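I opened my notebook for a first look at this structure. Here is what I looked up, entry by entry.

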Amino acid sequence: MTEALAITNIREENLMDRGKVGVICLIATEATIFMIFVIAYVFYIGKSLTGPFPNEVLTLPIWATVCLLSSSLTVEMAVRGLRANVRSRFLLWMGLTILLGAEFLRQTAIEWNKLINRDHLTIATNLFGTTYYSLVGLHASHVVIGLTLLSLVFLLSLSGAKLHAHERRVELLSWYWHFVDAVWVVVFTVVYWLGR
Amino acid sequence: MATVTYPLDEGRKAGTFSLPSLLHEWVITVDHKKLGLMYVITALLFFVVAGVLAAVMRAQLVVPNNTLIDPATFNRLFTVHGTTMVFFVGMPFFAALANYLVPLMLGARDMAFPRLNAMGFWLTLFGGILLYSSYLTGEGLAGHGTAPDVGWFAYSPLNERAFSRGTSTDYWVLSIMLSGLGSTITAINVIATVLSLRVKGMAMSRMPLMVWMLFVVSCQILIAMPPLTAAQIMLLLDRFLGAHFFDTQAGGDAVLWQHFFWMFGHPEVYILMLPGFGAASEIIPVFSRKPMFGRMAMIGATCTIGFISFGVWAHHMFTVGMSSKANIFFAISTLIIAIPTGIKMFNWLGTMWGGKIRMDTPMLFCIGFLFQFLIAGLTGVMLAIAPFDWQLGDSYFVVAHFHYVLFGGLLFTLFGAIYYWFPKATGRMLDETLGKWHFWLLVIGFHLTFDPQHFAGLLGMPRRIYTYAPGRGWELWNLISSVGVVIQGAAILFFVWNVFHSLAKGRKSGPDPWDAWTLEWSTSSPPPEYNFATLPEVRSSRPLWDLKHPEDPDWKYE
């Protein structure tokens, strides 16, 4: 076997990083789940038989949107800080990201509290309630997952872990966070703009 | 070649080997080969169970006005049979082939995410166990111990709380959701392995066709599983929180469920089928002693099928009363998808044409597949024509059609694959004589069972009825159909006997019993944990041919 090669990790050159491929695949499949919920939302716009209707109870969540979208910038700054190996910069921006994400969730909680207790809109009230809570709730649950992971990274770094070696993984996590933000743009457009 | 000794092997040699340690080794394993084998065993066990369910249904239908089982039991039988065959036989077989073969064919050490891979397997297995545990703990109208009875596609509003009391439908939802998550994990793993772990020289264009098809299937799974998962989440919200997604009394739309289900369901048919195509594309060239005819056309056809499969779903819904525009669109797209499938038929036939065909058992199964899948495709084209479908939708003609696809097509290639790769996985050959008994009995049993169902369907017999009155011309067809099941059962017994017999006493295979050309045959049988000690240089799609025939290598022509 003269043409045989010793098998010491000899790979085709210029192959993609497997972590990147994995996260892109995850995002693709999650995006499709969201797409189905968006289709259901759009399909049922204006089909509720009884109130309350979207134009009566929904207000534009400007502040929440600002928080969430700017958190995409701060998480990018955190990744850059990590790449430059400046721990304080990483911690500062990552902490800010987590605060912005948490504020978004707080705004959602306030909105849901108002809808449930003042407007008497629950998931069982009508089709609007059904599709609204499931779509916004699906997104919020992704924010919770993202926040949990970001907090984990933050706490690890705080407790002295050398995250610089795992810069790639933190970057992949930031991709997921960007995805959660991008989904919010769609949710905002469909729920608070087209659907109202 | 492989002289590296691992501590585990030492332990075995030293005699410390015991059943608990063996069990422990398999439970904690993240090795793609072990996971692949566990997927095969899972798929075969569920195949036998679902086959028994089908046999009970055929026993009930053997004569008119039979009273062997009651209607409610019959409903549970066809629901659990269909669900099992699709999600716990077909999907595990995809995962089995993907896990066992993709790293070996690409010259990789393992899948891209081994631990995730193990999680995918256990999710699938426990999903299946959850489905069957409904027979013990599910609640339904009939009381305790009720399995799901809503059919494998669980149409709305039948699946809603008002019509499906108790928890049996929830068992259906949750078991499929778990296994769907497992399939998605496998799909992500396959894509990452293909894109990131190919050995030097293994360009995408040189990948074995099996890997190509599993890659396309994985891309399909990423997009096709979510509609089902999303619809099932909606259904759970309806059932547990009083949401109204599919609740027509609150303005919801039951047909929306059908759309979501078949947005998953039709790509799913190709997801199930393409691994079988992959097996045929590996076996037919080796046993015709020729390279694949029209390799690039085959890859192109596969990608085309993968793409168009997302645009045909509503041909399952012609009878629901869609607009004529929708009917025409889905009829045409369904007719179009027959074209790449036809291209594949000609690829396989062209490969056999002029070849030195060896009639070993793997090849026999592939030839059986070619004949049967052709007929399956033709009845598919018939059903694609909306007015024809209005006549025969929900009849036994449809049952015959998709059993031709999934049994006559998929299962035959999978048995071919088992005969072909069994020596690689175990180091021993399956017995040829028993294999031929298995093949011929299965062919006869298959045709006796499913050919008459076409006629019963044409004569108006609806699917999913638990019995029928005499005098409609259905008796003979049902009788023949049920007799065929007995012969199929005998064929499967031959297979089981063959497996156990060959595991103990089969002829030693050596690394490359079929004189094949893809990388998995360059390592020992069974392969060591690390897969390859050395790898031949990959310069074409048939690296082992190049190695064996340095005077006439493929890379001169590719």
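I began with helix H14 (residues 432-458) of chain B, whose 27 residues should span 39 Å at 1.5 Å a residue; the end C-alpha atoms are 39 Å apart, so the two agree. The expected span is 1.5 Å times one less than the number of residues. Helices (H or I, at least four residues) and strands (E, at least two) are DSSP runs, numbered from the N terminus. After H14(B) I found B:Gly460, with a positive phi near 100°.

A note on the source: this is a predicted model, where local features need pLDDT of at least 70, side-chain atom pairs count only at pLDDT 80 or more, and totals for chains, interfaces and linings use all residues. Residues are numbered from 1 along each chain as its sequence is written, while chains are lettered from A and ligands numbered from 1 in the order in which they are written.

Next I checked confidence, given as pLDDT (the predictor's confidence in each residue, from 0 to 100). Chain B has a mean pLDDT of 93, and 97% of its residues reach 70 or more. The model scores ipTM 0.93 and pTM 0.94.

Then I turned to where the chains meet. I found 34 residues of chain A in contact with 41 residues of chain B (contact means C-beta atoms, placed from the backbone, within 7 Å). On the chain A side, H1(A) gives the largest share, 13 residues.

Last, I looked up A:Gly137, which sits in helix H5 (residues 127-158) of chain A. A:Gly137 lies 22 Å from A:Cys25, C-alpha to C-alpha, and 112 residues away in sequence.

Conventions:
Contact = placed C-beta atoms within 7 Å.
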